[in-house]
Amino acid sequence: MIRTLTLVSTLALATACASVPEAAPIEPELFVAAAQVEDAEPRPVEIVETPTPLPLPGQMKPVDGVKRTVTRVYTSPSETIRKGTSEARIEPSVDGYVNAIQVYPYTEGALYRLYAAPGQVSDIALQPGETLVSVSAGDTVRWIVGDTSSGSGGTARAHVLVKPIGAGLSTNLMIATDRRTYHLELESGDGTYMAALSWRYPADELSQLISRNSVALAREETSIMPGVALDRLDFDYLIDGDRPDWRPVRVFDDGRQVFIQMPEGLSTMEAPPLFVLGVSGEAELVNYRLKGNYYIVDHLFRAAELRLGEKSQTVVRIRKREPRSGLASLFGSKG
């Protein structure tokens, strides 16, 4: 009985090996060079900055043969201060309201208007996590100024509270924190008042986008391709030929693209060009991209070669293993 089982096993193994013949050699002339293209994936966040020209003197040059007359307009110091203050003043807007809070865009040196009313408290909310250093008001007799805080830990928020004792009053307020300085103009009236105001910080938002970009780009550098289906990966490829330092580590596909993993440090070597043979056995034009230490080929192929050199070429061949059937799929075969 044991001899019978041994004989059957031997015959099965012999049949399995015989059912998968060695792959026929492919002439090098059948391969066509693949075209390398740049990886044109968009960045996670695109940041666009609009340059603002500075009004520097002497930048405009006179045209040859044309006399230029410069007219200087004299303004008094008081007029200059009035004009500068007027241009720096930011008034509340309907679009700036979020519920009862007027949200101003923070700009260094701007004058923010706050309208208050007797018997009403107006809340000036600072950025969460910002530490209040000092508060200075021009009129501390007819304006009541205090401070408090809300939240705790990283969400702690400082608040400055102001209340006039009558209508028709005006003064200014300067708030210093560990991050920035705020300048406000306070004015009181009858009835109408601003319950609260706060700021949004475009410079901080831009800094956060840049930081998020850096993290996202670093993550993309370690990712071969987003959206690759792991359950569809096929590693059934053979690598043979020469053994240079740039010989691929492994080859696999996801049913749409082929990924050729090269050894670490490929950027310090001379990357070999890729030549492919289509699935149908005929030469096909194929694009591929180099991302990190991976060659990403845009189509499946029957065979490919990495070649380097002119007369004495170093050649590494990549071949898609033919599907196995019958007893060969059970017992496997060599090659």
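**Exercise 1. Which residue in the turn between strand 18 and strand 19 has a positive phi?**

Solution. The model is a predicted one.
Step 1. Find strand 18 at residues 287-291 and strand 19 at residues 294-297.
Step 2. The two strands make a hairpin, and two residues lie between them.
Step 3. In that turn, Gly292 has a positive phi of about 65°.
Step 4. The pairing of strand 18 with strand 19 is antiparallel, with four bridges. Within this pairing, Leu290 is opposite Tyr295.

**Exercise 2. Are the residues on the two faces of strand 19 buried or exposed?**

Solution. 
Step 1. Tyr294 and Ile296 belong to one side of the strand, Tyr295 and Val297 to the other.
Step 2. All four are buried, and both faces are therefore covered.
Step 3. For the chain as a whole, 30% of the 335 residues count as buried.

**Exercise 3. Compare the two pairings of strand 12 (residues 181-188) by direction and by bridges.**

Solution. 
Step 1. Strand 6 (residues 111-116) runs parallel to strand 12, and six bridges connect the two. Leu111 has His183 in strand 12 as its bridge partner.
Step 2. Strand 11 (residues 170-177) runs antiparallel to strand 12, with seven bridges. Thr171 is found opposite Leu186 of strand 12.
Step 3. Strand 11 and strand 12 also form a hairpin, with three residues between them.

**Exercise 4. Why does Arg142 count as partly exposed, and which residues does Arg142 touch beyond four places in sequence?**

Solution. 
Step 1. Locate Arg142 in the loop between strand 8 (132-137) and strand 9 (143-150).
Step 2. Arg142 has a relative accessible area of 40%, which lies between the limits of 20% and 50%, so the residue is classed as partly exposed.
Step 3. Leaving out residues up to four places away, Arg142 touches Lys163, Pro164, Ile165 and Leu169.
Step 4. Lys163 is 21 residues from Arg142 along the chain, and their C-alpha atoms are 8.7 Å apart.

**Exercise 5. Describe the second largest pocket by its volume and its lining.**

Solution. 
Step 1. The space in this pocket is about 160 Å³.
Step 2. Ten residues line the pocket, and those closest to its centre are Val279, Phe301, Arg302, Lys320 and Glu322.
Step 3. By class, the lining has five nonpolar residues, five charged ones and no polar ones.

**Exercise 6. How many helices and strands does the chain have, and what share of its accessible surface belongs to carbon and sulfur atoms?**

Solution. 
Step 1. The chain has four helices and 21 strands.
Step 2. Its accessible surface is about 21,800 Å², and carbon and sulfur atoms make up 55% of this.
Step 3. For contacts, take pairs at least 6 apart in sequence: 66% of these contacts join residues at least 24 apart.

Terms used. Residues are numbered from 1 along each chain as its sequence is written. This is a predicted model: local features need pLDDT of at least 70, side-chain atom pairs count only at pLDDT 80 or more; totals for chains, interfaces and linings use all residues. Side-chain values use heavy atoms; hydrogens and water are left out. Two strands pair if DSSP finds at least two bridges between them. On a 1 Å grid over the protein atoms alone, a cavity is a set of points where a 1.4 Å probe fits but cannot get out, and a pocket is an open set with protein on both sides within 12 Å along at least five of seven lines; lining residues have an atom within 4 Å of a point. Grid points are joined across faces, edges and corners, and a volume is the space filled by probe spheres set on the points. Ala, Val, Leu, Ile, Met, Phe, Trp, Tyr, Cys and Pro count as nonpolar, Asp, Glu, Lys and Arg as charged, and the others, Gly among them, as polar. Buried means under 20% relative accessible area, exposed over 50%, partly exposed in between (1.4 Å probe, protein chains only). Contact means heavy atoms within 4.5 Å. Accessible areas come from the Shrake-Rupley method with a 1.4 Å probe; for residues, only the protein chains shown count as cover.
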